[in-house]
Amino acid sequence: MRMLKKISLCCVMLFGLGLSACGLQPSTSTVPAMTEGSIKPIANAHDESITITSKNFTEQIVLGKIAVLIAKASGFDVTDMTNVPGSQPSRNLMVSGQADLAFEYTGTAWLAYLGHEDGIPDKQKQWQAVHDADLANGLTWGQPAPLNNTYAFAVRPEFAKQHNISKLSDIASVPVEERTMCVESEFNSRVDGLNPMLKLYGIPRGTPDGVPEGNISLMDTGTVYQATADGSCNFGEVFTTDGRIQSLNLVILEDDQHFFPAYNAAPVFNTEFLNKHPELAERFAQVTPLLDDDTMRSLNLKVDVEGADPGQVAYDWMVEKGFIGK
């Protein structure tokens with residue numbers, strides 16, 4: 001059965017992408033060899049195979065490699081299928097049973113996969129909601145990490161100090177002409193994006209005493225960070241765990257009205273596999289409490305800014321924390 005699973009993995013992946021041929025290869029970013037650390041092998045894991053997947057952006061690849069290292073340290077024979085092009089293909093692998101494990105975001109599952117219109121800002125309630133709903137899909141969510149890769153607005157530290165702002169509600173105290181915003185096109189049009197956010201915070205879009213239309217610039221995601229740091233706009237839409245926040249010395253404003261949904265990362269297991277090896281969830285529970293926003297920004301920075309390999313970044317962090325040895 002496990003052999004059939006590996007043979008059909010390529011086909012399922014490409015079916016999810018709308019392709020017809022089987023040519024998917026395991027991830028080219030590998031992880032170095034390791035010795036035992038604080039993560040101990042599971043007694044019945046020897047020679048048992050496990051397939052791990054992830055999406056294809058930096059944070060997901062790093063988290064995927066961390067999952068690979070945890071599974072290897074636990075004694076499993078790991079097939080590394082991280083770096084899958086797209087959220088839905090990665091999800092399809094999990095739901096179809098072709099992959100056993102992935103890190104996923106609570107808000108993504110709730111809104112994109114499970115079809116709900118409104119996210120849940122409370123982190124624990126959002127996790128519980130997706131945990132309960134995904135059981136019907138043969139998936140079990142492990143405990144979430146503190147990292148919450150959600151939307152936010154960032155400012156330059158000198159601008160924050162000048163206007164004494166630390167939270168989104170403080171934007172209303174900034175002179176209208178200085179309420180300049182850089183956002184990506186998707187956020188500009190999302191039902192949980194810019195317009196409802198500005199309305200909630202009492203500075204509606206397109207009004208003289210809110211945020212005039214001319215104050216809003218649409219940019220590519222990467223451009224927003226640099227434009228905010230350069231002062232081309234004073235408020236930039238960012239993702240809370242992006243390494244460029246750290247490298248450009250930007251300050252995230254607190255979402256004090258709790259507008260943005262929670263997007264905490266958590267390991268998601270194939271339920272049948274987890275029932276056979278429940279200790280694996282315990283191994284992940286050793287690691288996930290240390291994956292907070294600051295840590296994830298630092299790991300992402302090493303890849304996106306410093307050009308490091310995601311597998312090496314994950315390995316070095318796991319060694320640093322003593323979970324594995326060199």
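Helices (H or I, at least four residues) and strands (E, at least two) are DSSP runs, numbered from the N terminus. The model described here is predicted, so local features need pLDDT of at least 70 and side-chain atom pairs count only at pLDDT 80 or more, while totals for chains, interfaces and linings use all residues. Residues are numbered from 1 along each chain as its sequence is written, and side-chain values use heavy atoms, with hydrogens and water left out.

A loop residue comes first. Asn-164 sits in the loop between helix 6 (157-163) and strand 7. Its phi is near 55 degrees, a positive value in a residue other than glycine. With a relative accessibility of 67%, Asn-164 counts as exposed (over 50% relative accessible area; buried means under 20%, and partly exposed lies in between, with a 1.4 Å probe and protein chains only). Asn-249 also has a positive phi, near 60 degrees, and is a residue other than glycine. Asn-249 belongs to the loop between helix 10 and strand 10 (251-252).

The partners are Cys-182 and Cys-233, with an S to S distance of 2.1 Å. Cys-182 lies in strand 7 (residues 181-183) and Cys-233 in the loop between helix 9 and strand 9, so the pair ties together parts that are 51 residues apart in sequence. The torsion about the S-S bond is about -130 degrees, so the disulfide of Cys-182 and Cys-233 is left-handed. Both cysteines are buried: Cys-182 has a relative accessible area of 0%, and Cys-233 has a relative accessibility of 1%.

Asp-220 is in the loop between strand 8 (216-218) and helix 9, and with 60% relative accessibility Asp-220 counts as exposed. The C-alpha atoms of Asp-220 and Glu-186 are separated by 9.6 Å, although these residues are 34 apart along the chain.

Rolling a probe the size of a water molecule over the atoms shows where empty space is left. On a 1 Å grid over the protein atoms alone, a cavity is a set of points where a 1.4 Å probe fits but cannot get out, and a pocket is an open set with protein on both sides within 12 Å along at least five of seven lines; lining residues have an atom within 4 Å of a point. Grid points are joined across faces, edges and corners, and a volume is the space filled by probe spheres set on the points. Two cavities of 30 Å³ or more are found in the whole structure.

The largest cavity has a volume of about 60 Å³. Its lining consists of Ser-90, Arg-91, Met-94, Ala-102, Glu-104, Leu-139 and Val-268. Helix 3 (87-95) and strand 4 (101-105) each supply at least two of the lining residues, and helix 3 gives the most, with three. By class, this lining has four nonpolar, one polar and two charged residues (Ala, Val, Leu, Ile, Met, Phe, Trp, Tyr, Cys and Pro count as nonpolar, Asp, Glu, Lys and Arg as charged, and the others, Gly among them, as polar).

The second largest cavity holds about 30 Å³ of space. It is lined by Glu-184, Thr-221, Val-224, Tyr-225, Glu-237, Val-238 and Phe-239. Helix 9 (221-230) and strand 9 (235-239) each supply at least two residues of this lining, which divides into four nonpolar, one polar and two charged.

Helix 4 has the largest share, four residues. The volume of the largest pocket is about 600 Å³, and its lining divides into seven nonpolar, eight polar and eight charged residues. Domain 1 (45-148 + 263-321) and domain 2 (151-253) both give residues to this lining, so the largest pocket lies between them; the domain bounds come from an automatic or database domain assignment.

Technical notes
Disulfide = S-S within 2.5 Å.
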